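Let's walk through the ligand site and the charges of this one. Here is the model to keep open alongside.

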Amino acid sequence: MGGHPDRIVAHFLKSAPTLDECPAPGLPEVAIAGRSNSGKSSVLNQLTRNRQLARTSKTPGRTQLLNFFDTSLGGRLVDLPGYGYARVAKSQKHVWEDNVESYLARREDLVGVVLVMDIRHPFEPFDVMMIDWAIHTGLPMHVLLNKADKLKHGACVSALRSARARLTQPHFSLQLFSAQTGLGRDEAIELLSVWLTPTTSAMAHPSTASLPEPS
Ligand code: GDP
């Protein structure tokens, strides 16, 4: 069997403020979510080795949008807007929730969500909201406990164990990660390669493949 790539080659495709403005459907999409400062941009940099990616998402005017990236695997990465900036007004928070929720609930191409959590502060309200949503919809979720380099090995292991105890459903997976050192990079790329390759993403998640029309 061939191995997985050593990075995910990705290029900016477009930003969309709402579901209606998303690119034409038909390719598997993997959404990346995380509270601001969880290290989501650094994770994207580490996985793609392309600094341009996260910089694009952080361009003024794009921070509240869904940012789409084509990958050489065929599927698309979708950087969900950051959440939790103290500056964001309540009204903007509602706009965020409406747009992201409708994307998560209605985008047929979505095959999985990567949730980036800061290993030192996991399961904050935003994280729990995303996790509850994944439980509710049954969509696969892969959790990265990022900034693992900030804790000693023993503390990482116990953080991983207690997170695993909270995410027992079979469609959840999780791992230690460090966007700074590259810890966990191969494991994450391996999983993303399956999700982002049109043939394997359908096989990995038959429930997300299209159902036959009723006769
Ligand atoms: P975002 O707001 O979630 O996109 O977070 P950023 O990627 O901008 O990261 C926020 C801060 O955390 C920056 O100062 C990063 O350098 C730092 N950071 C991100 N990932 C890691 C990590 O794995 N380890 C350490 N030590 N710092 C990290």
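## Ligand site and charges

Helix α1 (residues 40-48) gives the largest share of the shell around the ligand, three residues; helices here are DSSP runs of H or I with at least four residues, strands are runs of E with at least two, and both are numbered from the N terminus. This is a predicted model, where local features need pLDDT of at least 70, side-chain atom pairs count only at pLDDT 80 or more, and totals for chains, interfaces and linings use all residues. Residues are numbered from 1 along each chain as its sequence is written, and side-chain values use heavy atoms, with hydrogens and water left out.

Around the ligand sit 16 residues, and N37, S41, S42, K58 and D149 come nearest (a residue is near if one of its heavy atoms lies within 4 Å). Here are some polar contacts, meaning pairs of N or O atoms within 3.5 Å:

| Residue atom | Ligand atom | Distance |
|---|---|---|
| N37, polar backbone atom | oxygen | 2.7 Å |
| S38, backbone N or O | oxygen | 3.2 Å |
| D149, polar side-chain atom | nitrogen | 2.7 Å |

Taken alone, the ligand exposes 580 Å², and the protein buries 75% of that (Shrake-Rupley areas, 1.4 Å probe).

On to charges: the structure holds eight salt bridges, each a side-chain nitrogen of Lys or Arg within 4 Å of a carboxyl oxygen of Asp or Glu. One of them joins K40 and D79, with the closest N and O atoms 2.4 Å apart. K40 lies in helix α1 and D79 in strand β4 (residues 76-79), so this pair ties together parts 39 residues apart in sequence.

Definitions and conventions:
Polar contact = N/O pair within 3.5 Å; in protein donor to acceptor, adjacent residues only side chain to side chain.
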